[in-house]
Structures are given as C-alpha cells and as structure tokens.
Amino acid sequence: AMHGPAAMVRMASLGLATMHTSCCRRTWEATKCFSSLLSWCRLERGKQPAWQSTGQSGAGAAGITASWGTATAAGTLFGGSSAVMVACGGVHMLVLTAVGLVWSCGRGADGRLGHSDMADQLLLTPVAAFLCERFGVAQIVMVAAGGHHSVALGAEGTVWTWGWGRFGRLGHNDEEERFVPTLLASEALGGDAAVLVAGGGYHTVAVTSQGALWVWGYGMYGQLGLGDKTNRLVPARVGTEASFEGSQVLTAVCGEAHTLAVTKDGILWSFGAGERGALGHNDQNDRLVPTRIDAQHFGDANIVSVAAGQLHSAAVTEEGALYTWGDAEGLGHADEQARLVPTAVASRLLQGARVGRCHSLPPLIALAFAMGTHARLGSAAPTGAAINGRRSRRQQGKAPAADNGKDCEYISMPGELVQRVVE
C-alpha cells in the first residue's frame, strides 16, 4: 500500500482529487472530490498503513477498522452533506461538512470530541453544540485538532475551543477542561476577526483578517514566538506590524512543539523546537522568535502551503514543488535520513505530479484547483494549452488577472465537469 506524499498525488491521478488532507503522527485523511472521506493509519509501528473508507462500521481515531471496506456515500455518513475538511489530533479526528457542521471520533479524554463527556467515539458523530443553542447561528468554516484539544472557526471570525486546557491552550485565561465548544472572548484577538486557526501539541494559533498572528498555550520551546518560554493563558500577538519584515501573515500551522508561518510575500518563517531540524535552519536549535527560512532552499520560489508534524515540516511552492525537512520518518525521500534544511521530494517519488497545481486528469473528471493563497480557480492551464483560441495571462508571462473570473481555464469547461475543490 502506498503512503505519504506519493499516495496523495496518486489519489489525484486516479481522479480522487482531494479537497483537504490532514495528517498527524499515525493518521492521514483525505476528502475526495465526490465528498467521500478516506482515512488510513499505521496500526502498529513497522506495519504498513491500512486504507479504509470511513463508514458506519468504522472504529478508532481514524474512524476505520483494520480491514478493507467500500466507499461510503456522503448521504449515509453526513446526513446528505459533503465532507469538505478533516483535521487530525493525536488520537482524534474532526470532519467539517459543507453545511458548517462538525463531526468527531476517536479518543474522548479531556472532552476533545466536544460531546459533553470523555467517552471515546468509534464512529464519526456530530458535535451536538453545532446543532443547537450553544453555537447559536454560527456556521463553522474551519476546524483544527491539537494533541488533546480542538478548535473551530466561525464564518464571522469567531473562535471556539474545547478539550484539555492545561498550559492555557484553549485561550480562556485558565487551565480548565472544556467538554463542549466554548467561544473565545470577543476582544481576545484584538477585536479582529480570525480567518485561520491551527492546533499544536500543546498550543494554538490564529491568523486575523489584518494579517496578525496570535498564539496561546505552552511556550517552553519558543513555539509561541514571543521571545520567551512562558505559557500564555490568553491569545497574545506575535510581534508588531513591523514583524515578519512588514508583511502580513497569510497562513500558519502548528507542529508538536513548533510553528510555521507564511507571509503574504511568500516567505516562510519558523519558531519553536528545533529538534531533528524541524525548523529548517540547518541546526537543531530552538528559536524563540519567528525566524525566516532561507528562500534559497526553495529555489527562491514563493511558499503557498505548509504543514507541520511532530518533528518534521513540509512546504509547497507556488510551482507545485514539495519540500520536507526534520525527522526522517514522514519526509518521503525514500530513505531514513533526517534533513536539517528544506529538501525537494524527488519528482519520481511523486510520480511526476506537482502538488496542489493543475495537472493531467481524465477528461470526465476535470477539476480546477486553488491554493489557500489564491483567490480564484483555474489560474494555471496545461503547458501550451489555449483557451478559446487564446493563451492565459500566466502563459503569456503576465501576473494573474484580478479576481474577476477572466482567463481561467475552468470557464471554458462544461459546468458539470468543474468542481470547486479548495477556496
């Protein structure tokens, strides 16, 4: 069975194009373009991952059994809605559906599943708070799972947390557990709306509409980026407007004890625990403040997407190249060597595909992709292709047009062949 980056790209080449993927130490998930949810995990150290479609007979943190199964229609699993996002914690999983509801399964200790108790859930189960008065009319648009806690982002920029509260990772100015989703104070992020949330082993981060990065929770290794090793019980802003060389933060992710942030100019920054080279600075030193990763490691390309694991990290450039670094396990380089700096995953290991960019798909399942940093879909056409007798702006060497729906490959396709995968 394939696993790691090759498996993810192989899914796309088979037409199982992913809307969102998530990974932790032992579990991977992916939502397919037809809204089924696939999950697989390493059951025991040294064994190959087991693939399984999440269904009503599933079990455990990955919502699966140890045996093979058939794909489950979204109408059966999520009440007719589509699965649009998954998030993996240490031993639990969250799934967000298109109607803004959250489902969870796995270990229930500390209330991380949000079901008002600590019971484990062997099947994906809707978080009741999203169905009733606790959330009011808030629609959830993003979920994140930490080691022992969960985070949700509302459409209006509100942030909800629940689970184990030790070290202040929930952001409620205490260290108490929360067994149901609990709203952060309105002033918690300086009064700004959040547009992204992420959860680490013991800390949490949020990015606001103003491009500010806020952090809270465990700070022992510098993963909060505040210049010290002090825990924070409430959100604290990283730096000032002049931080990150004056550029706004676009996206951020949390590892076990480190944090990665990408700014609007495509620069990648890291801070926290540097063990095994997880920060990408050619050493194993911790960093207490955001430190820029040398762009030469990425061929001076802009970064558009990042991910962080327990002791390793990954980044994707705007050209679709995948780079990984840190602990050898999980890097995808077909060897057992750690990497202290970002290293490109060989094209052959990705079966020649680019990550997160438009590439060949069977014509009956033609899709348009967009990274989270791009405002529209279909901004890149296959090499040499012309649309309605003319070339796209990108083919002409011009910058992408404004978000006006022009020059996009997908507008020339029949509507039934186009599916929006990621905004």
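Mentor: Start with one side-chain pair. The side chains of Asp110 and Arg112 make a polar contact of 3.1 Å. A polar contact is a pair of N or O atoms within 3.5 Å; within protein, one must be able to donate a hydrogen and the other to accept it, and residues adjacent in sequence count only if both atoms are side-chain atoms.
Trainee: How were the values made?
Mentor: This is a predicted model: local features need pLDDT of at least 70, side-chain atom pairs count only at pLDDT 80 or more, and totals for chains, interfaces and linings use all residues. Residues are numbered from 1 along each chain as its sequence is written, and side-chain values use heavy atoms, with hydrogens and water left out.
Trainee: Where is Asp110 found?
Mentor: In the loop between strand E7 (102-106) and strand E8 (121-126). Strands are DSSP runs of at least two E residues, numbered from the N terminus.
Trainee: Is Asp110 buried or exposed?
Mentor: Asp110 counts as buried because its relative accessibility is 13%. Buried means under 20% relative accessible area (1.4 Å probe, protein chains only).
Trainee: What does Asp110 touch?
Mentor: Leaving out residues up to four places away in sequence, Asp110 touches Met118, His148, Gly163, Trp164, Glu177, Arg178 and Phe179. Contact means heavy atoms within 4.5 Å.
Trainee: New topic. What is the mean pLDDT?
Mentor: The mean is 76, and 64% of residues reach 70 or more. pLDDT is the predictor's confidence in each residue, from 0 to 100. Over residues 1-23 it is below 50. Residues 403-423 stay under 50 too.

Key: Helix = DSSP H or I, 4+ residues; strand = E, 2+ residues; numbered from the N terminus. Buried < 20%, exposed > 50% of the residue type's maximum accessible area, 1.4 Å probe, protein only.
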